[in-house]
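Please look over the structure shown here before reading the notes. They cover the sheet, the aromatic rings and the chain as a whole.

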Amino acid sequence: MKIKIYLGIVLLIIISCEKEPLPEALPPLTMSGENTFGCLINNEVFVPGIHRFSGPDGISNEIIFSSFPLYPQYFLSISVHRLADFNDEIKDISLFIQVDSLKSAEKFEYSRFSLIYRNESYSKIIDSEINIVNLDTINKIISGTFFTAIANDFDTVFITEGRFDLKQQ
């Protein structure tokens with residue numbers, strides 16, 4: 001009898017856990033330090049911070065604003081994640097972007113770009129561009145757009161319509 005009650009309680013808990021829907025649209029392109037990030041991965045919307053049942057998720061960034069006034073250079077590192085439950089088509093995504101030696105709002109190449117997508121790891125950059133549209137060193141905000149084609153030994157993933165608007169924490 002106790003087992004039936006226990007199983008009933010567990011079943012009720014499982015049924016009552018409402019899943020958050022995956023986002024259907026990218027966040028707007030802003031330049032005010034909203035701490036947003038989004039892109040299309042093979043035409044599927046990816047926005048970090050979707051929390052289902054377990055695991056860490058969200059955005060972490062590191063923006064280093066130098067204190068060298070004559071030769072200012074800045075460093076950007078963005079790490080974003082989404083973990084979903086076992087019923088989702090996309091089980092987990094992790095994306096890491098690094099750009100060294102930013103000097104102003106302009107186009108740059110990645111220093112490092114890596115992706116874990118559907119349990120596969122990608123790090124061979126085929127084509128890429130990151131466009132810094134706002135580099136506010138006073139308020140410590142960096143905003144931009146990006147795209148890339150990235151591959152492993154078996155497959156190529158296309159990341160398009162990427163955008164971020166981050167404020168140094």
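**Sheet and aromatic rings**

Six strands form an open sheet in the order β2-β1-β11-β10-β9-β6, with antiparallel pairing. Strands are DSSP runs of E with at least two residues, and helices are runs of H or I with at least four, both numbered from the N terminus; two strands pair if DSSP finds at least two bridges between them. The model is predicted: local features need pLDDT of at least 70, side-chain atom pairs count only at pLDDT 80 or more, and totals for chains, interfaces and linings use all residues. Residues are numbered from 1 along each chain as its sequence is written, and side-chain values use heavy atoms, without hydrogens and water.

- Strand β6 runs antiparallel to β9 (residues 124-136), and two bridges join them.
- F108 stands opposite I130 in β9.

**Aromatic rings**
- The whole structure holds four aromatic pairs (Phe, Tyr or Trp rings, the six-membered one for Trp, with centres within 6.5 Å; planes under 30 degrees apart are stacked, over 60 edge-to-face, the rest tilted).
- The F113 and F146 ring centres are 6.5 Å apart with planes at 55°, so this pair is tilted.
- F113 lies in β7 (residues 112-117) and F146 in β10 (residues 141-151), so the pair ties together parts 33 residues apart in sequence.
- F37, F46, F113, F146 and F164 form one aromatic cluster.

**Whole chain**
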